[in-house]
Amino acid sequence: MGGIYIHIPYCRRICRYCDFHRSASLQRKSEMLGAIGRELAARRSEIGKEQVQTLYFGGGTPSVCSPEELGRLVRTVRELWEVDRFEELTVEANPDDLDPEYLDRLRAIGVDRLSIGIQSFVDDHLRRMNRRHTAREAVEAVRNAQAAGFENLTIDLMYGLPWMTPDQWRSNLDCALSLGVQHLSAYHLTIEPQTVFGRQGLEPVGESVSEQHFRMLREQLTGAGFEHYEVSNFARPGFRARHNSAYWQGEPYLGAGPSAHSYDGLRRRSWNLSDNERYLAGAPPETELLTETDCRNEYLMTRLRTAEGFSTAELRQFGVAEAERIADRCTAFVATGDMVRTAAGFAIVPERFLVSDFLISELFGTESAYE
């Protein structure tokens, strides 16, 4: 199972934490959408039609586009890859874009899943992050989507905010659960140097606060019947994100638009420049061929983000000696309570997902692009 990702590099307002490629100027939006359509046609052969089962519009903020603009790209993908029906068609959206008319028009072009960027149900948090919606609008957006017939909704929340109290985080989770959404993505605030927060010198929360927020997150969501199936993602049974799950299972995917990445499922990875002007001028994707070590590390990095972990048998394809070294190291992590043995191999204990990056890096081999 694979899919196509389309990056819409525009936002009406820049969030102070955001490290993604985006622009607040929409002047060349129509030109950009045309260029993305041409890129899809030019790269048609990079992924087979049997592999295109999901389509995902990310950004940026795809909901700055009209449903008709998005619909033209949906039709382009359908025609190029002869897709009769997508298993999942997702659009990321800001709450204040989701009025009933807009939602009805999204449904008309085949969108069946919405990823709503809420981040917090506390107005003070939203102002500090420079979000352009209010807590009331966030709740209304979810209810509008449900009234329009959307039965697969995910929302984003953010924790580890320096000004967030435990009671506010608990209230955010309670509000999310009360709305009856099927999926929730929760991200710990990371302060990158080039973001507004980074330039302001905002200090991250301490380790104890991170652990407290993470523990509350897990307890409330798993207690409500959600599966903690990936580091940052929780889903009700049957509602795991199919498109994103393909990334974590090493499936091939094609990314179109500035900054979008692609992977052939084997050794070839490519990415478009994070530069709108150069993309519009026709700059080709940059590419790299992964080394054997990179492939092994990528396998570990993606599989160990999931609750299922990795297969020892699959790992042996990268070399028996390395597989044994990694298994020995994992056995040591089992002894410390950080990992668990599974029927197929090893997995990180979900309660330890917060430190998954450290655990995974401890398993990496040498001479890797990831070090």
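Biologist: Which residue is the bridge partner of Thr154 in β6?

Modeller: The bridge partner of Thr154 in β6 is His183. The chain crosses from β5 through helix α6 (residues 166-178) to β6, in a β-α-β crossover that is right-handed, a term meaning that, with the strands pointing away from the viewer, the path from the first strand over the helix to the second runs clockwise. Helices (H or I, at least four residues) and strands (E, at least two) are DSSP runs, numbered from the N terminus. Please keep in mind that this is a predicted model, in which local features need pLDDT of at least 70 and side-chain atom pairs count only at pLDDT 80 or more, while totals for chains, interfaces and linings use all residues. Residues are numbered from 1 along each chain as its sequence is written, and side-chain values use heavy atoms, with hydrogens and water left out.

Biologist: In what sense do β4 and β5 pair, and over how many bridges?

Modeller: Two strands pair if DSSP finds at least two bridges between them; β4 and β5 do so in the parallel sense over five bridges, and Leu114 stands opposite Leu153 in β5.

Biologist: How many residues of strand β5 are buried?

Modeller: In a regular strand the side chains alternate between the two faces of the sheet. Here Leu153, Ile155, Leu157 and Tyr159 point one way from β5, and Thr154, Asp156 and Met158 the other way. Seven of the seven residues of β5 are buried, so the strand is largely enclosed by the rest of the structure; buried means under 20% relative accessible area, exposed over 50%, and partly exposed in between (1.4 Å probe, protein chains only).

Biologist: Which residues of α3 are buried?

Modeller: An α-helix has 3.6 residues a turn, so residues three or four places apart point the same way. In α3 the buried residues are Tyr102, Leu103 and Leu106. Seen down the axis of α3, they fall within an arc of 100 degrees (taken from the directions from the helix axis to the C-beta atoms), so they line one face of the helix. On the other side, Glu101 and Ala108 are exposed.
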